[in-house]
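Have the model open as you read.

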Amino acid sequence: MLVGELKEICGVFRQEYGKTSKMLKIVDSFVIFAIATAAVQMANALLVGTFPFNACLASTLCCLGAAILTASFRMQIGGGKSRVEKVFADYCVAMIFLIFVSISYVG
């Protein structure tokens with residue numbers, strides 16, 4: 001019973017996600033990539049160690065911050081109500097600020 005409902009939910013999601021534009025699918029792929037990179041970095045920290053702790057923390061938080069900013073960017077352009085150029089400019093400024101903060105945290 002639960003498996004059938006789960007299959008139905010996945011089928012509906014796949015059908016509705018097929019209607020999504022190619023640009024939004026690329027943005028979604030980048031969010032998944034950023035989260036996967038953060039997960040790999042955390043696994044590396046658990047297996048190998050966190051000797052340069054600042055670098056490990058900054059890189060992980062930079063990946064998670066990029067995923068959060070990109071998800072916010074996707075929510076703003078997904079509705080179609082706002083101008084994509086303005087939202088993209090805001091996204092670029094926020095990403096540059098995030099990268100500068102990460103670099104300054106490393107030292």
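Contact here means heavy atoms within 4.5 Å. Keep in mind that this is a predicted model.

## Helix 3 against helix 4

Helix 3 (residues 53-78) and helix 4 (residues 84-106) pack with their axes 9 Å apart, at an angle of about 170 degrees. Angles over 145 degrees count as roughly antiparallel, so that is what helix 3 is to helix 4.

Who meets whom? From helix 3, the contact residues include Ala58, Cys62, Leu69 and Phe73, and from helix 4 they include Val87, Tyr91, Met95 and Leu98. By class, the contact of helix 3 with helix 4 has 17 nonpolar and five polar residues, and no charged ones.

## A closer look at helix 4

With 23 residues at 1.5 Å a residue, helix 4 should span 33 Å, and its end C-alpha atoms agree, being 33 Å apart.

The buried residues of helix 4 are Val87, Tyr91, Met95, Leu98 and Ser102. They pack against helix 3 and also helix 2 (22-47).

## Aromatic rings

The count comes to five aromatic pairs. One of them is Phe30 with Phe33, a tilted pair at 6.4 Å centre to centre with 35 degrees between the planes. Both sit in helix 2, three residues apart, or about one turn of the helix. At 33% relative accessibility, Phe30 counts as partly exposed, while Phe33, at 52%, counts as exposed.

Elsewhere, Phe73, Phe88 and Tyr91 make up one aromatic cluster. These three residues also turn up in the contact between helix 3 and helix 4.

Technical notes. Residues numbered from 1 in each chain as written. Predicted model: local features only at pLDDT ≥ 70, side-chain atom pairs only at ≥ 80, totals over all residues. Heavy atoms only, no water. Axes fitted to C-alpha atoms, helices over the stretch in contact; angles between N-to-C directions. Helix = DSSP H or I, 4+ residues; strand = E, 2+ residues; numbered from the N terminus. Parallel < 35°, antiparallel > 145°, perpendicular 65-115°, else oblique. Nonpolar A, V, L, I, M, F, W, Y, C, P; charged D, E, K, R; others polar. Expected span 1.5 Å × (residues − 1). Buried < 20%, exposed > 50% of the residue type's maximum accessible area, 1.4 Å probe, protein only. Phe/Tyr/Trp six-rings, centres within 6.5 Å; stacked < 30°, edge-to-face > 60°.
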